Protein chains: 2
Amino acid sequence: MIKKITFIFFLACSQLVIAQNADSIMLKKISDNVMLKGECYKNLEYLCKKIGNRISGSENAQKAVDYTFKLLKDAGADTVYLQECMVPQWVRGKNEIAKITTGNTETVLKITALGGSVGTPNGGIKGQVVEVKDFDELKKLGKDGLLKGKMVFYNHPFNQTNVETFKSYGEGVKYRYMGPSEAARYGAIASIVRSVGSSYDDFPHTGVMKYNDSLPQIPCVAISTVGADVLSQKLNLKIISTFYLQLECKTLPDVKSYNVIGEIKGTEFPKEYITVGGHLDSWDIGEGAHDDGAGCVQSIEVLRTIKSLGIKLKRTLRVVMFMNEESAGRGGEIYFETAKSKNEKHILAIESDAGGFSPRGFSSTATEQQKNKIKQWAKLFMPYGVYDFDNNGGGADIEDLNKLGAALLGLLPDSQRYFSLHHTDADVFEAVNERELKLGAAVMTMMVFLADQYGLN
Amino acid sequence: MIKKITFIFFLACSQLVIAQNADSIMLKKISDNVMLKGECYKNLEYLCKKIGNRISGSENAQKAVDYTFKLLKDAGADTVYLQECMVPQWVRGKNEIAKITTGNTETVLKITALGGSVGTPNGGIKGQVVEVKDFDELKKLGKDGLLKGKMVFYNHPFNQTNVETFKSYGEGVKYRYMGPSEAARYGAIASIVRSVGSSYDDFPHTGVMKYNDSLPQIPCVAISTVGADVLSQKLNLKIISTFYLQLECKTLPDVKSYNVIGEIKGTEFPKEYITVGGHLDSWDIGEGAHDDGAGCVQSIEVLRTIKSLGIKLKRTLRVVMFMNEESAGRGGEIYFETAKSKNEKHILAIESDAGGFSPRGFSSTATEQQKNKIKQWAKLFMPYGVYDFDNNGGGADIEDLNKLGAALLGLLPDSQRYFSLHHTDADVFEAVNERELKLGAAVMTMMVFLADQYGLN
């Protein structure tokens, strides 16, 4: 009996080894195909240089819809179609100016209005600035009535001690997101936030903020990390007479936009879906190269590679360019609602929205069973520098698909450089390395291949 | 008996767990110290921007000696001293010109003379170009007498399918290193090599070459990857009448230079040495930021961090700025010879010379016992994204220390971007990310700490 069990055990093991060998050969083919024939880098160049940044509702966003529609066709999708969604339309306007007056001297600070901010009245506003390091200090000063009529300056530094920079981003972004309304709660007239960025430089980082409906809407901006120190030093020296702020941004009515979807129909289980995507909209500064042009062109590369290698997927692959991740997530919402209303069976969704850097792993939101299955494949990914399968995560555009049973995976690239560029003028095509971008796309394709081959249940 | 063994086993295991917890706390302290107080990034800025590139024997190399001498003192070394070595002195001269004539049109190609190349006669040389893809093709054409009086163009593309780019570099660099003499063997008058670079751009990559003493010395240059395609296309179209080359480079007599060495004396085993280093010389284009300013400032950071945290090392730490790695390795040679003549006991040597990118592991040359010991610590490095301990390697400047019993380790950063920059004008301070550089320094410090704490035998 023992012998028999042992024999079966070794048989099972050896079959596993044979399967893993065949898989590792296929994974190498995928990698080689992307590295040698991949088009994601040149597609990203076009998206960044010929179209440029593409905030929801903009003309450029529509151009990006048209362009990626064509790319998905060219990559070999069976079907390419648009999925309509209504998106918020926030426009920056022409001028955004911040000046500190010190005696007779004016210092101009580089700023960027936060996405969703109201503008100032024509001619701008002036006021005194009160610096706080966190919400506790805000509350204390606010309760003492010291913020009334003032501009609040959140000067929370990026926590450099976290190895994963997304953790530090998570710690700091609340001042950008909720800071304006929390300041307005105590009568402040504007909110200024130190950029949630990891580099010490003069690039302000924009990003979405949200007003609390029950509080006055005050204008809000980010200043660079260098600018924050300049402001803080002048405040410490008590030499600032006034801070001048002028913003012309405003929110227009929602407009029609689209997710762009390309499919390859599955050969065995065409009604089971694997979704792979990035978001097509970006902020309206820089070129949205890493965020998230990279994720879009990588997702299209997955489809191109599968066609190029003649891989017949059992399940239906859907590559999705999600619209409007940055401000309201409407694209992700409509994709989920549609899938739910059609009772679709989703087994896996992968999003790439953490930059086009060297891939290091996948974060996941999945059942224990799904996670264990994915971890069984871990060693197949090691030759590609991909070793980290332990973090929770997924992606903003796909998160609801978990409710339909899908395992969610987020491509996890090296995070050291992301928050130097994120939502700034520095997020341009030149900041993307071709090999890093392609390796990410290759690794996403590998995961699609394995999940399709072996399922996830 | 079984119970007793089991008990001892569990006791040993639990003590290991306690030790590893204490170690992981110390490693986090090291990381936090470097990320918050580290000076390597600003030191690198000075080295790159105030001194600049620093080829062996140059005035800048001497400035770098003086500067890092001071840095090591400031970082808290007990002793800082110079170790004399004679280094080759190759100078580029003022002009280096390559032009293709096509009918009445001249196309200028960006070139860089290879380190060690002879110049052309005054007024340059003209000739016809013969393209070869490898030494086999060279040999065939050479034997047919088709290379006599010609310029040989080695057009070997970078192998993009290797995930580790150093592997592709290894495959391609022979055409740069030995190509000139191999071409001269068949009567060629010059050698032109496609840059051993992973990006498709217009930066030629220099680097050392070596003449075979028994063959004529012919001038040799690298052209960019874009330039190589331009040249190749024109050759295919058979529209090139002549290729003009002018170089003013030459080799002067050897001159005196130095390794810079800073020490902290060990408290228990002061006669056992741990060496940590990078090389101070660079090529004479760009700023030698990744190659190898990064390794130098990271090595100094190791010493600073250990002093800053009040860690008392049992063994003597030596931080070495090796001179002349790029052309003849004289610094490494003299360091080894001196150690050997003094009968020093070296237990570990770490070199950082693969760029200041996110660390991913350590390559090693060591006994099985040493390797096993290092691998026991592997999981302590995982929180820092360092997981790869399986590659052979070490570093050019430290390799001989293996003969003295030292385990050799090479910091293994992410390699995707290195050969976009290596030995080019693009290897500048701006191409280095502060967090990536610092993480590398932190990880080197951790390895020194563990090896000192537990030994390596």
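This is a predicted model: local features need pLDDT of at least 70, side-chain atom pairs count only at pLDDT 80 or more; totals for chains, interfaces and linings use all residues.
## Domains of chain A

Domain 1 of chain A puts 17 residues into the contact, and domain 2 of chain A puts in 24 residues. Together the pair bury about 1600 Å², with 61% of that on carbon and sulfur atoms. On the domain 1 side, A:Trp90, A:Ser415 and A:Phe419 lose the most area to domain 2 of chain A, together 39% of what that side buries.

Helix α12 (residues 418-421) of chain A gives the largest share of the domain 1 side, 4 residues. By class, that side of domain 1 has 8 nonpolar, 7 polar and 2 charged residues.

## Chain B against chain A

Now for the contact between chains: 27 residues come from chain B and 27 residues from chain A. The area buried there is about 2400 Å², and carbon and sulfur atoms give 50% of it.

This interface has 2 salt bridges. One of them pairs B:Glu436 with A:Arg417, whose closest N and O atoms are 3.1 Å apart. There are also 17 residue pairs in polar contact. On the chain B side, the elements giving two or more residues are α1 (2-37), β15 (359-365) and α13 (434-454), and α1(B) has the largest share, 4 residues. Sorted by class, the chain B side holds 9 nonpolar, 11 polar and 7 charged residues.

Notes:
Residues are numbered from 1 along each chain as its sequence is written. Chains are lettered from A and ligands numbered from 1 in the order in which they are written. Side-chain values use heavy atoms; hydrogens and water are left out. Contact means heavy atoms within 4.5 Å. Buried area is the accessible area (1.4 Å probe) that two parts lose on being put together, summed over both. A salt bridge is a side-chain nitrogen of Lys or Arg within 4 Å of a carboxyl oxygen of Asp or Glu. A polar contact is a pair of N or O atoms within 3.5 Å; within protein, one must be able to donate a hydrogen and the other to accept it, and residues adjacent in sequence count only if both atoms are side-chain atoms. Ala, Val, Leu, Ile, Met, Phe, Trp, Tyr, Cys and Pro count as nonpolar, Asp, Glu, Lys and Arg as charged, and the others, Gly among them, as polar.
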